Amino acid sequence: MSLIETLARMEAVAAGRARPLTTVRHRHLSERPLVLVPLTTSGEAGAPLGALVGTDREKPLLLAVPQPRDRDLRFAFLAELAEAVLPYLDGFADGIEWEERQETDPETGKKVPVQVELCADAPQLIVPSTPGVGYVRLLGRSMRFRRTAEQDPQAPYPAPPQVPLLGRWFTHVGERARVPGASLLLPMTGLLTRHWATGQSMLEDQHLGALLVWIDPPPGTSGRAAAEYAESARDADGQLRCPPAGPATDPAFDNRLLAPAMARYDAGLPGAEDGVRDLVESLLRPTWDAVWHGIDLLRALPAGAHVADRWKRDRWSYTAHRDRVRAGEPPQPRRDDAVTAARKLSARESAQAQLDAQEALDDPLVMAGRRLAGAAFQGTVTAVEPAFSEGRRPMPRPLVTLRTADRPQLSEGGKLYRSLADGKTQTAEFAGFAPDEPDAPVVRLTGGMGRGREPAPGSVPEPDDTVCWTLFEHAPRGGPALPDPQDTPWTHGGPPPDPAAESPDPVTAEDLL
Amino acid sequence: MTGTRTPAAAAAAATDAILHDTLHGDHRGVVVDSPPGAGKSTLVVRAARELAAAGRPLMVVAQTNAQVDDLVLRLAEQDPQLPVGRLHSSEPGAYDPALTGLPAVRTSAKIADLAELDVVVSTAAKWAFIKVAEPWRHAIVDEAYQMRSDALLSVAGLFERALFVGDPGQLDPFSVVGADQWAGLAYDPSSSAVATLLAHNPGLPQHRLPVSWRLPASAAPLVSAAFYPYTPFRSGTGHGDRRLAFAVAGDGSGVDRVLDEAAESGWGLLELPARHTPRTDPEAVRAVALVVRRLLDRGGAATSERSADPAPLTAARIAVGTAHRDQAAAVRAALTDLGVSGVAVDTANRLQGREFDVTVVLHPLSGRPDATAFHLETGRLCVLASRHRHACIVVCRAGVAELLDEHPSTEPVQLGVAVKFPDGWEAHHAVLAHLSEHRVRWRP
């Protein structure tokens, strides 16, 4: 935890109310997100109990499984879920714009510009909490290898065609959610904790109800008291007044309410199915409302300047998966091969570096955290001294002296970066401190001044200007290209086996109890 | 049994076996585990020279530019006629200017300029961008345990066979983003290059260097037992071979007493009163700076097998090690306040591979309310406790043993991931138990 976040948390404790960590919103929020609140059955991995899903906060679709151990009912649930979610996911596939991209011509080997489709918008799924993201991945994995009657007429229990398709989409958004800053699938608790610091621990922040009342306490109460109520208050029957955001359920609910209702369903009593549905809805509805409440809070924040850039990458990701589905490619493999894993890790590391830099540039409060950590400094220019590089063609290398109260972790010759008014980045290096003045760093500009003998106008700061230099790059480069998977070297086990050769898990006696 | 041989004979036998496998073996890879200061760089230089002498051009992969420059300098020192290429990035100041004066060393940012040289050295990051039609027949990968699996993946296509050298006890590579989804896969991109290599090629010959030439007789047994319990090594020198003495007698203060204890026994623990503190604990930072100041003021002299006369203990022969960069920055500031300059102050990550006469360590757990996986990491403590030729002085708040007992390791166990022994918890306790015998309590 950074020092500034620790400070914000302590202030939140003192004030009884969450403190902002940002001045702008750092994640894209769709105009029309799809909210999905899933519930799982305790003690049974991957057995959904129910879900509320939809894009209209007033009219969520309730899906419930009256007996989750019954596989037919479970599969029916997944089919219904697919029917509810797929039209939304597909709804963005045809609204396209054209983008120019450099591609290597297979005949000449040269880079040529080509026009490619890019979806103008992309779907966004919001789940209540981080375990909800994991649950989407789990459902994706359990669905994407299901065989349809068309693929395998002999297979027992064929799945409707939309189920494996939804599995592939869930897998895609679940993987995309691992990329820092990506917004195709977001947990509400993660969104809120990025933007506000509460006076409770990070573990407690995983409780959506408690997190929300720290940020927006009911009138007349402190966040702390309201959070305690949200976490632990129970009614006369021993049921939580604010049910957990799932996908796990509260044991008291399972034991006292759900189990008897399921027993009635198993006994075939009239109205028992509706009984279970009502119970599941009673548990889901508060979380559904809480997610929308969180969306309202986030919408009140203006979007950061780089948010649209990052969303564009999400749109590329969506478009690419749309194309794979349309091309009839097989579902994502069970495990990544060595090259794919390395590519993903490298992409995520550069996304993380980019996200950290962009958030700081978009938001003075985030930049303040970086300044406090010694990764950036802001100061007033006190002197500018023209200087030139040595060599045949001297280039301007002016020396800029600043006065700053920040304590950056500078080392001689270390690179510095500054964002210019036109959005470009100016590079510089640390040239030492002014004599006898430990708070007056001298910066030698090394770029962003044009190609001329004299610096371009406006590219060199002037005395009394306030400037902010960072020690981190603003647009970090990605890593080197990796070999093709079929060229995987001997150190990594050689080329992976053909993915088509991978067969579904054999049916064992335990699959059909 | 190696115990009956002299250290030099044992080390020579190990080196001969490694070179034999490298030059004449039929495996595609050879792995060498090297404890701290066991002559890893010497081995790399020798293997490179022998391969080149046998008419087999090779590429050398190191992890940082400083390591690459160091290797090139050593190669040129051993064999001034050997044609060596230093492949570097196109940024200014990419390599040590000292290389330009060497007659047989050629530097370039383009591989085409260096293609016909006997030895070409560069970082893994630079090699990853290189494309060649014909791979090298041989490669040496240095610091292979600090290289990430994905870095090896991007360079492994450049060579047919390789010698992998590294220290398994030092810091593992890491990733700033989560890589749990690949945990347990043989090619987990965030694991070390050697882990992946051996998982896919279990039959490769593995050697280890049995003697640490850096660590004194007072340190090798502890470092060996605490960090290398299943692959023990010994010190190349005996108890009487190294001596640290001060010209000025101690003034009886805690700082001077811990210096005397360290000069006598090779270890010293300066224990401050128990307290929860911020990371840059001002008292502990000042204590570290005072220890360095007194080390210099008291005219330390180090006697070793390297020379007959005692060598003065200068600032360049002293290092301060910390866990975090802000702690290092705070120590640097405190040293400047005391008028000390020229002492290397850095984090464990950056001190890896370096050697000093005396090290002063700010204990990673000093003053902490919790013991996280970062602070417990075995490699971090191992690096900090194994940089010295004479003595190591640890500055720490009291209460670390209790802290450890309250925070057993809670890292989730992942299927398919080899459990690392010893874990950081165990290693910390082992080191602490030993240090407590050399404890000086001090209230600043």
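**Figure 1. Helix 12 of chain A and its surroundings in the predicted model.** In helix 12 (residues 364–372) of chain A, the buried residues are Val366(A), Gly369(A), Arg370(A) and Arg371(A), where buried denotes 20 or more other C-beta atoms within 10 Å of a residue's own, exposed denotes 12 or fewer, partly exposed denotes what falls in between, and C-beta atoms are placed from the backbone. These buried residues pack against helix 1 (3–15), helix 11 (338–362), strand 10 (376–385) and strand 15 (466–470) of chain A; helices (H or I, at least four residues) and strands (E, at least two) are DSSP runs numbered from the N terminus. Helix 12 of chain A is followed by Gly374(A), which has a positive phi near 85°. This is a predicted model, in which local features need pLDDT of at least 70 and side-chain atom pairs count only at pLDDT 80 or more, whereas totals for chains, interfaces and linings use all residues. Residues are numbered from 1 along each chain as its sequence is written, while chains are lettered from A and ligands numbered from 1 in the order in which they are written.

**Figure 2. The antiparallel strands 12, 13 and 14 of chain A**. Strand 12 (residues 415–419) and strand 13 (residues 425–433) of chain A run antiparallel and are joined by 5 bridges, and two strands are taken to pair if DSSP finds at least two bridges between them. Within this pairing, Leu416(A) has Ala428(A) of strand 13 as its bridge partner. The hairpin formed by strand 12 and strand 13 of chain A has 5 residues between the strands, and in it Gly423(A) takes a positive phi near 90°. Strand 13 of chain A also pairs with strand 14 (residues 441–445) of chain A, again in the antiparallel sense, over 4 bridges, with Pro441(A) of strand 14 as the bridge partner of Phe433(A).

**Figure 3. An open sheet of 5 strands in chain A and the helices packed on it**. The strand order of this sheet is 4-3-2-7-8, with mixed pairing. Strand 4 (61–64) and strand 8 (185–187) of chain A stand at the edges with a single partner strand each, so one side of each has no neighbour in the sheet. From one strand to the next the twist averages 20°, where axes are lines fitted to C-alpha atoms, for helices over the stretch in contact, and angles run from 0 to 180 degrees between N-to-C directions. Strand 2 (residues 34–40) and strand 3 (residues 48–54) of chain A run antiparallel and are joined by 6 bridges, with Leu36(A) opposite Val53(A) in strand 3. Helix 2 (residues 71–90) of chain A lies across strand 2, strand 3 and strand 4 of chain A and runs at about 15° to strand 3. Helix 5 (residues 188–195) of chain A also packs on the sheet, where it touches strand 7 (125–127) and strand 8 of chain A, and its direction makes about 70° with that of strand 8.

**Figure 4. The enclosed strand 1 of chain B and its parallel partners**. Strand 1 of chain B is largely enclosed by the rest of the structure, because 5 of its 5 residues are buried. Both of its faces are covered, with Gly29(B), Val31(B) and Asp33(B) buried on one side and Val30(B) and Val32(B) buried on the other. Strand 1 of chain B runs parallel to strand 7 of chain B, to which it is joined by 5 bridges, and Val30(B) has Leu163(B) of strand 7 as its bridge partner. A further 3 bridges join strand 1 to strand 8 (residues 206–208) of chain B, also in the parallel sense, and here Asp33(B) stands opposite Arg208(B).

**Figure 5. Helix 6 of chain B and the side of chain B that touches chain A**. Ala193(B), Val194(B), Ala195(B), Thr196(B) and Leu197(B) are buried in helix 6 of chain B, and what covers the buried residues of this helix includes strand 1 (29–33), strand 6 (136–141), helix 5 and strand 7 (159–166) of chain B. Between the chains, 26 residues of chain B are in contact with 24 residues of chain A, contact meaning that the C-beta atoms of two residues, placed from the backbone, lie within 7 Å. Helix 5 (149–155), helix 6 (193–200) and helix 10 (325–337) of chain B each supply at least two residues of the side that touches chain A, and the largest share, 4 residues, comes from helix 5 of chain B. The residues of this side divide into 15 nonpolar, 7 polar and 4 charged, with Ala, Val, Leu, Ile, Met, Phe, Trp, Tyr, Cys and Pro counted as nonpolar, Asp, Glu, Lys and Arg as charged, and the others, Gly among them, as polar.
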